[in-house]
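I am opening a notebook on a structure that is new to me.

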Amino acid sequence: MTAVEIETSPIGNLVAPTTEAELVEILVRRLRSDWPTRAIASEVRSHGRCRTDVCVRVRDLHGPSGSDLIVGVEAKLTDWTRALRQALLNRYAVDASLIAMPSQRISAQVLDIASEQGIGVLGVGAGSLTVMLPAVVCSPRAGVHQRMAA
């Protein structure tokens, strides 16, 4: 489990996300700061009419030089079952699929079910991002994967 530095708000207080938009904002800010990102986008069309909350192109630190991974993240404040369903569908389009939720709402049950499905879990705090469970790299469908990478 890897934790990242906590960032304070302009007035010095830590403020937990209260909306999905705030959750996504913190998530994107921490991903840009702490991951080897090449590009980040929100509300990316993935498959059918579905959209992935956050799509990240990251350098594959274990692959050949210059290779990238496409990572999809579904962010939800409370509905972890919906986040997991969406993350499962994202596995058809991305190399790794995760859910992101406020850290205090991630239970052992969420981690167990996500682990069974190969879905990673990110805990989002007030300015922090913690990998609670790493995602398993999957084999997405080529056509959908290419659209997500574009």
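My entries on helix packing and salt bridges follow.

**Entry: helix H2.** I am working from a predicted model. I looked up helix H2, which covers residues 80-90. Which of its residues are buried? I noted Trp-80, Ala-83, Leu-84, Ala-87 and Asn-90. Seen down the helix axis, these buried residues fall within an arc of 115°, so they line one face of H2. I then checked what they pack against. The partners are strands E3 (51-59), E4 (68-75) and E5 (96-102), and helix H3 (108-117).

**Entry: salt bridges.** How many salt bridges does a search of the whole structure find? I wrote down six. I looked at some of the pairs in turn.

**Entry: Arg-38 and Asp-68.** Their side chains meet in a salt bridge at 2.4 Å, N to O. Arg-38 sits in strand E2 (residues 37-45) and Asp-68 in strand E4, 30 residues apart. Arg-38 is partly exposed, at 45% relative accessible area. Asp-68 is also partly exposed, at 24%.

**Entry: Lys-76.** I found Lys-76 in a salt bridge with Asp-53, at 3.3 Å, N to O. Asp-53 lies in strand E3 and Lys-76 in the loop between E4 and H2, so this pair ties together parts 23 residues apart in sequence. Are the two buried or exposed? Asp-53 is buried at 9% relative accessibility, and Lys-76 is buried at 4%. Lys-76 also meets Glu-74 in a salt bridge, at 3.9 Å, N to O. Glu-74 is buried too.

**Entry: network.** I noted that salt bridges with shared partners join Arg-38, Arg-57 and Asp-68 into one network.

Conventions:
Residues are numbered from 1 along each chain as its sequence is written. This is a predicted model: local features need pLDDT of at least 70, side-chain atom pairs count only at pLDDT 80 or more; totals for chains, interfaces and linings use all residues. Side-chain values use heavy atoms; hydrogens and water are left out. Buried means under 20% relative accessible area, exposed over 50%, partly exposed in between (1.4 Å probe, protein chains only). Helices (H or I, at least four residues) and strands (E, at least two) are DSSP runs, numbered from the N terminus. The arc is that of the directions from the helix axis to the C-beta atoms. Contact means heavy atoms within 4.5 Å. A salt bridge is a side-chain nitrogen of Lys or Arg within 4 Å of a carboxyl oxygen of Asp or Glu.
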